[in-house]
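Here is my note on this chain, written as numbered points. Keep the model open while you read.

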Amino acid sequence: MSAALPEAVDYVIVGGGSAGCVLAARLSEDPQVQVALLEAGPADSSVLLHCPAGLAVLALTGQANWGFQTEPQRGLNGRRGYQPRGKVLGGSSSINAMIYTRGHRNDYDAWAAEGNAGWGWEDVLPYFRKAEGNERGADAYHGADGPLHVMDLASPHRFGPVFVQAARQAGYRENRDFNGPEQEGVGLYQVTHQAGERCSAAKAYLAPQRARPNLHVITGAHATRVLLDGQRAVGVAYRHGGAEKLLHARREVLLSAGALLSPQLLMLSGIGPATHLRERGVAVVHDLPGVGRNLHDHIDVVQVVDAPHLGDLFGLSARGVVAAARGVLEWRRHRRGLLTTNFAEAGGFIRSAPQEPIPDLQLHFVLAKLVDHGRKPVFGHGYSCHVCLLRPRSRGTLTLHSADPMAAPCIDPNFLGEADDLRRLVRGFKLMRQILQQPALAAYRGREQAASAAARDDAQIEAFIRAQADTIYHPVGTCRMGSGPLDVVDAQLRVHGIAGLRVVDASIMPRIVGGNTNAPTVMIGEKAADLIKQGARATSSLCVGTGAAVAA
């Protein structure tokens, strides 16, 4: 990657996360095109980012993480929720649990049905396949030679299959491929790993292109506003090394800062709901009322089981420390063993009620006792199970606390704002408990922790959910794609009313997908890169044709 940064490039990309890394790699494939990628965080050099089990230490320390909090959530007894987002090259793909799922085909067909031509399942599947390098090989649903390496866990823990067996005893079918013909069922997750290491978007897309002289990656660069010439984006202002700098874009500015920071940057630049911007002291350039609206996320609740006699599960104990030390040696020497876990090795997609047409709940089975998002050390051994609501009806907002570009945004997901969300989560909690009580798991004599064990009837379960539920880290929707009055970008991901500006990340999702959002965000980056290239070719052809006509 070139160290000499010119005053202007063709494309300025804000955010080196899952979509931004894809854009940087794909757009710089043309050696005639100059691309700059601005990332507020550092380079992805820490071993904790590459060792899969390092995510546990990252959670404890808050390293490489924006570590935002929500506004007090009325649906969660006034609690502030935790909103971790990756602040490092690779973004959240550098700190997540590496689960590779795409959602349900109906999710994308619903996007297209809302007027977003080109975003139906058959339209996006080729981009999933293009991105994917699956060790199982290529087929109608999978790619084998894409940059994002996907594989079965190299050293799976013995206890993940125990959960799968328990779920089968509860009546659920086993599914070896959640991204194949059918999503429903239980099984072991595939992960974004390669050769025993995390395969983040940075490792998949940026690392192989470091020698390109036309690709400029600037870390520690906090974007503060989009530079505008009238109603056209012409560059980005950013803080780097304590000074404000400007970088101009000859063609386009591409915002890939994520569902929490892309809308914030639009509003800081004067693009957003006019009344709110004026209240925060921001001069209005373009009144776009949908910016920051439609925030939604997968609300999730966890049941924890104490099993002190299961010392080979992850936990703090003398036995656990010895096992971890051995795991470090094995990982350093062979890139195998205990430290290749993503902790959430098993799970599945189920229906909260038989009449549901497709799965509306997701399970993540974790080989450790998970408390407070892993931010607190937990002594002893045990396991946890998450159940999350895949398509919540609740919608919240992302707004500005102030005009200070270094201040965190005001995040209000409005969790459980709709009664239907709570009803489905209650049903999901009961189904999760049924699985955990099946003979395959009951044989290990674990004991459900008191906080959830006391929740027996629906009212008690509702109270437990309100006291304990939080995000499972998939915020989307704040720069919604569509053509309605509250939509922010069109189906080409161009910001309505502003030329030369697109948003390319999970914020454009009209509705959240039914699964983990990393793979869909990579897909969005792949599709956007093609849209941008097609637009550039069309413009070039028009210019050539016009020139020829003038010459004639």
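The points below go from the whole chain to single residues.

1. Ground rules. This is a predicted model, where local features need pLDDT of at least 70, side-chain atom pairs count only at pLDDT 80 or more, and totals for chains, interfaces and linings use all residues. Residues are numbered from 1 along each chain as its sequence is written, and side-chain values use heavy atoms, with hydrogens and water left out.

2. Overall build. The protein chain has 15 helices and 24 strands. Helices (H or I, at least four residues) and strands (E, at least two) are DSSP runs, numbered from the N terminus. The radius of gyration, taken over C-alpha atoms, is 23 Å. Along the principal axes, the C-alpha atoms fill a box of roughly 85 × 50 × 45 Å.

3. Of the 552 residues, 57% are buried. Buried means under 20% relative accessible area, exposed means over 50%, and partly exposed lies in between (1.4 Å probe, protein chains only). The accessible surface comes to about 21,000 Å², and carbon and sulfur atoms hold 52% of that surface. These areas come from the Shrake-Rupley method with a 1.4 Å probe; for residues, only the protein chains shown count as cover.

4. Contacts along the sequence. Take the contacts (heavy atoms within 4.5 Å) with a separation of 6 or more: residues 24 or more positions apart account for 70% of them.

5. Salt bridges. A salt bridge is a side-chain nitrogen of Lys or Arg within 4 Å of a carboxyl oxygen of Asp or Glu. The count by this rule is 32. One of them joins Arg391 and Asp107, with the closest N and O atoms 2.8 Å apart. The two residues are 284 residues apart: Arg391 is in the loop between strand 19 (382-389) and strand 20 (397-399), and Asp107 is in helix 4 (residues 105-113). Arg391 is partly exposed at 25% relative accessibility. Asp107 is buried at 6%.

6. Which parts does the pair Arg158 and Asp312 tie together? Arg158 lies in the loop between strand 6 (148-150) and helix 6 (160-169), and Asp312 in the loop between strand 16 (299-306) and helix 10 (318-334). The pair therefore links parts that are 154 residues apart in sequence. Their closest N and O atoms are 2.5 Å apart. Arg158 is partly exposed at 41%, and Asp312 is partly exposed at 26%.

7. Another bridge, and a network. Glu197 and Lys203 form a salt bridge, with the closest N and O atoms 2.5 Å apart. Lys203 counts as buried at 18% relative accessibility. Elsewhere, salt bridges with shared partners join Arg26, Glu29, Lys130, Glu526, Asp530 and Lys533 into one network.

8. Helix 4. Asp107, Tyr108 and Trp111 are buried in this helix. Seen down the axis, the buried residues fall within an arc of 90 degrees, so they line one face of helix 4. That arc is taken from the directions from the helix axis to the C-beta atoms. Just after helix 4, Gly115 has a positive phi of about 105 degrees.

9. Strand 10. Why is strand 10 (residues 215-219) called largely enclosed by the rest of the structure? Because four of its five residues are buried. Strand 10 pairs with strand 2 (residues 35-39) in the parallel sense over five bridges. Two strands pair if DSSP finds at least two bridges between them. Leu38 stands opposite Ile218 in strand 10.

Technical notes: Rg over C-alpha atoms; globule rule 2.2 N^0.38 Å.
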